Amino acid sequence: MKHKIPLGTYVLNKELATIFPSNIIETVEIPPYVYLQDSTRTGTYFFVDEALNFGDAEFLRLMKFVARGNDVFISTHGMNIDTLNFETERLVSKNLDEKVFFKQLNKAFKGKEYTFNRPFINQVFTKIDTTNTTILGITGYVNSNEERTEEGINFVKHSHGKGNFYLHTFPEVFTNYTILNETNHQHTANILSYLRDDIPFLWDAYYKTGKSKITSPLQYLLGSKHLKWAYYMALIGILIFVIFEGKRKQRNIPIITPLKNQTVAFTRTIANMYFEKQEHKNIAEHKISYLLEFIRVKLHIPTTKIDAVFYENVALRSGNSKEDVEKLFEFCDTIHLKNQITNEELIKLNSLIEKFKKTIQYGK
């Protein structure tokens, strides 16, 4: 919400009052499960993030909230919602020269198509509840001859009780980069035009990537005016004591021994720290980053776009089968979409990566 980086949502958050002038704009910084304990809450609950994982009890509260006549808008990469009968999967282009397109089906938008020129995960719905669902938008790829090679649904409206779920799989459309783009900002406005202007707009800040939170005791100290000055005074007092105490006593001349190479020990310590704290997700993300770096350095293959061509190139240069390469990166995608992973999933990821590296045939 506070990020001004290209893929942050700072601009959208600041422009909500302009986009919805008649709505009450409320920022919700607590979990939906807690916020919706009050059954009198009304509005459009707006969720945008690269990955969202609601608990069963929490999503049940969202469903009850919608059934009372409210709306929930969710934009994220991939969503498998069993209770609503929705599933998604990744849509992959066939050639490197293909470009992505987005189109909304409402006739009011006159069939205008938009594109996006940055790497992203393009997800589409593969299973929907056709009885209560309206298709609002599609995405796909076109080749250099302007011929469509892939196409799928990426925006739907699902009626539930007296309200609606709006499910969308391209959260980048709400980022600073898209909204400030002279061509694509209209695509963002078109999507938001579906939202009601007669109920409050509830902006979710709890699930936002990069949300503000206290991560250390020092941050807590510096966040309070009085504790911060007490901390500074203590540091000044210690500094004065060291200066005057050092002048009164003759210090021994230390024996300086050569520094040891502690790289391995440091790495082992950090790894143990992550493992003991059950930070399996962080460990997995680091291992995936090292894997991509390994492919760039050892195999000389760019990793900006993970698609069928990438799988084939990696398979040819590494000696692995294309099926094994696809299996590895599909599992990496699964890891990306989760907030937490289990010990077994971390072990499985490590096994797949080690198997991939052992198979590489050097010298080709």
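The model is a predicted one, in which local features need pLDDT of at least 70, side-chain atom pairs count only at pLDDT 80 or more, and totals for chains, interfaces and linings use all residues. Residues are numbered from 1 along each chain as its sequence is written, and side-chain values use heavy atoms, with hydrogens and water left out.

Let us start with the whole chain. Of its 364 residues, 40% count as buried. Here buried means under 20% relative accessible area, exposed means over 50%, and partly exposed lies in between, with a 1.4 Å probe and protein chains only. The protein exposes about 21,800 Å², and carbon and sulfur atoms supply 55% of that area; accessible areas come from the Shrake-Rupley method with a 1.4 Å probe, and for residues only the protein chains shown count as cover. Among contacts between residues at least 6 apart in sequence, 69% join residues at least 24 apart, where contact means heavy atoms within 4.5 Å.

Now step inside. A nonpolar core is a set of buried Ala, Val, Leu, Ile, Met, Phe, Trp, Tyr and Cys residues joined through side-chain atoms within 4.5 Å. The largest such core has 29 residues, of which Leu12, Phe46, Phe73, Phe174 and Leu195 touch the most other members. Two or more residues of this core come from each of α1 (10-19), β2 (44-48), β5, β8 (133-142), α5 (185-192) and β11 (201-204). The most comes from α1, which gives three residues. To see one member at work, pick Leu195: leaving aside neighbours within four places in sequence, Leu195 is in contact with Phe20, Thr44, Phe46, Phe73, Tyr166 and Phe201. Apart from this core lies another, of 27 residues, with Leu292, Val325, Ile341 and Ile353 among them.

What about the empty spaces? Rolling a probe the size of a water molecule over the atoms shows where empty space is left. On a 1 Å grid over the protein atoms alone, a cavity is a set of points where a 1.4 Å probe fits but cannot get out, while a pocket is an open set with protein on both sides within 12 Å along at least five of seven lines; lining residues have an atom within 4 Å of a point. Grid points are joined across faces, edges and corners, and a volume is the space filled by probe spheres set on the points.

A search of the whole structure finds one cavity of 30 Å³ or more. The largest cavity has a volume of about 40 Å³, and its lining consists of Phe102, Tyr114, Thr115, Phe116, Phe170, Val173, Thr178, Asn184 and His187. By class, that lining has five nonpolar, four polar and no charged residues; Ala, Val, Leu, Ile, Met, Phe, Trp, Tyr, Cys and Pro count as nonpolar, Asp, Glu, Lys and Arg as charged, and the others, Gly among them, as polar.

The second largest pocket has a volume of about 920 Å³. Its lining takes in 32 residues, of which Gly78, Met79, Asn80, Thr88 and Leu337 lie nearest its centre. At least two lining residues come from each of α3 (56-67), β4 (87-90), α10 (308-318) and α11 (322-336). The class count for this pocket is 14 nonpolar, ten polar and eight charged residues.

Not counting residues up to four places away in sequence, Phe331 touches Glu345, Lys348, Leu349 and Leu352. Lys327 also has its place in α11, but counts as partly exposed at 48% relative accessibility.

Finally, visit the loop between β5 (99-104) and β6 (113-114), where Lys112 is found. Lys112 is partly exposed, at 43%. Leaving aside its neighbours within four places in sequence, Lys112 is in contact with Phe102, Lys103 and Gln104. Lys110 lies in the loop between β5 and β6 and has a positive phi of about 55° although it is not a glycine.

Conventions
Helices (H or I, at least four residues) and strands (E, at least two) are DSSP runs, numbered from the N terminus.
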